[in-house]
Structures are given as structure tokens and as C-alpha cells.
Amino acid sequence: MQLALSMATFALAASISPGPVNIVALNAGARYGLSASLAHVSGATVGFILLLLVCGLGLHEVLTLYPGLTRTIQWAGVLFLLYLAWRLAADNGQLGDTHRPPSFMGGALMQWLNPKAWLASVAGMGAFAADGDRGHLWLFASIYFVVCFVSIGCWAWIGSRVRGHLQRPAGVRLFNRILALSLVGCAAYLVTG
């Protein structure tokens, strides 16, 4: 029981803290509402769990052998964050425009390009399944699935609550630019950290 509680606490701390996936969920909730955001939330959850399982099944050993690959993944993530920030900053703020909400596949792919997700996967596997115990791996993945979905879903829900305050394009543009700066901050932290 104590192991499961420790796993859940780790998952909550890693999942609910601000990061690129949560910022996109917040924006999707504000722009499209909670229901339309659930595809992103679900995709990000499934994408993260797949990453967690792949790390638990040995990918972290490959990354240890080839540290240059880790750096490549980190820079791909930074470039992806900057691309997302640019898209948010350039958005026209029209709520009724033709943009579609983030998709399931977009959410899943985003986790694989998210340096925070990589760090959480490798650290979590190191803390809870480093001994190779497959039972611990599956328990951790199961707990993480629920916690991750609820955590990202909370960000989308918060976005849906502020939606009523964003009826004017100028307000949406300001909101998007604040989120874009947050993504740039995440990218800068990854480069200097």
C-alpha cells in the first residue's frame, strides 16, 4: 500500500505541475471547452504511459549508452515548444475560427517530444522499477494513467472555466501570448538547466 501511495504521489507531482502539455490543455479548454479538449487529454495520457512503459522496458539503458541521443531528444523538444509558442503568439484570437482543437494523436506525440515527460519517465522508472520487477512497472503505469488523465484534465477544466472571460479576440490574444511566454520559459529552462 505504501508503494502505491508513493507512486501516486510521484505521478501527481509530475503530472499536475505546469508544463507544455498542461499549457496546451489549458488553452484548449479556454478556446474549445472541456469536451473538445478531452481528445488532447486522452492522447497525452496514453502517449505518456507508452513512453513510461518503453522507458521501463529498457529504453533508458539505450539513452545511457548513447548520451547524444538524449541531447537530440531534448533539442527536438525545445524546438517543438518554441513552435507551439509561436503558434499561440500568432493566433488571431477569433474563437469562431476554423482551427480545430488539439487531437488525440497530437496529445500523444506531444508527450514524446516533451522533455518533462522524458524526465518523469526515466526518474519514475529509476525510483519504482529499476530492479526490473514487471509487477512494479505495471502497477506504476496503471496508477500513473489515472493520475495523469485527471491532472491534465484539471488544466483543461480550468481553461474551460476562464472561457467565459475570453469573449473578445483581444482577450484571447492576450491569454494566448501569456501561454506562449510560458512555453518559451519552459524551453529556456530546458536549454539552461
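**Exercise 1. State the composition by class of the lining of the largest cavity, then describe this cavity.**

Solution. By class, 9 nonpolar, 5 polar and 1 charged residues make up the lining of the largest cavity. Here Ala, Val, Leu, Ile, Met, Phe, Trp, Tyr, Cys and Pro count as nonpolar, Asp, Glu, Lys and Arg as charged, and the others, Gly among them, as polar. The model is predicted: local features need pLDDT of at least 70 and side-chain atom pairs pLDDT 80 or more, while totals for chains, interfaces and linings use all residues. Residues are numbered from 1 along each chain as its sequence is written, and side-chain values use heavy atoms, with hydrogens and water left out.

Step 1. The structure holds 1 cavity of 30 Å³ or more. On a 1 Å grid over the protein atoms alone, a cavity is a set of points where a 1.4 Å probe fits but cannot get out, whereas a pocket is an open set with protein on both sides within 12 Å along at least five of seven lines; lining residues have an atom within 4 Å of a point.

Step 2. The volume of the largest cavity is about 140 Å³. Ala14, Ser15, Gln111, Asn114 and Lys116 are the closest to its centre of the 15 residues that line it. A volume is the space filled by probe spheres set on the points, which are joined across faces, edges and corners.

Step 3. At least two lining residues come from each of H1, H2, helix H6 (115-128) and helix H7 (134-162). Helices (H or I, at least four residues) and strands (E, at least two) are DSSP runs, numbered from the N terminus.

**Exercise 2. Determine which elements line the largest pocket.**

Solution. Step 1. The largest pocket has a volume of about 670 Å³. Among its 23 lining residues, Val24, Leu84, Arg87, Arg100 and Pro102 are the closest to its centre.

Step 1. Two or more lining residues are given by each of helix H2 (20-32), helix H4 (67-90) and H5. H4 gives the most, with 7 residues.

Step 2. The lining of the largest pocket comprises 12 nonpolar, 7 polar and 4 charged residues.

**Exercise 3. Explain how the buried residues of helix H5 are arranged.**

Solution. Step 1. Helix H5 spans residues 104-112, and in it Gly107, Ala108, Met110 and Gln111 are buried. Buried means under 20% relative accessible area, exposed over 50%, and partly exposed in between (1.4 Å probe, protein chains only).

Step 1. Seen down the axis of H5, the buried residues fall within an arc of 160°, so they line one face of the helix. The arc is that of the directions from the helix axis to the C-beta atoms.
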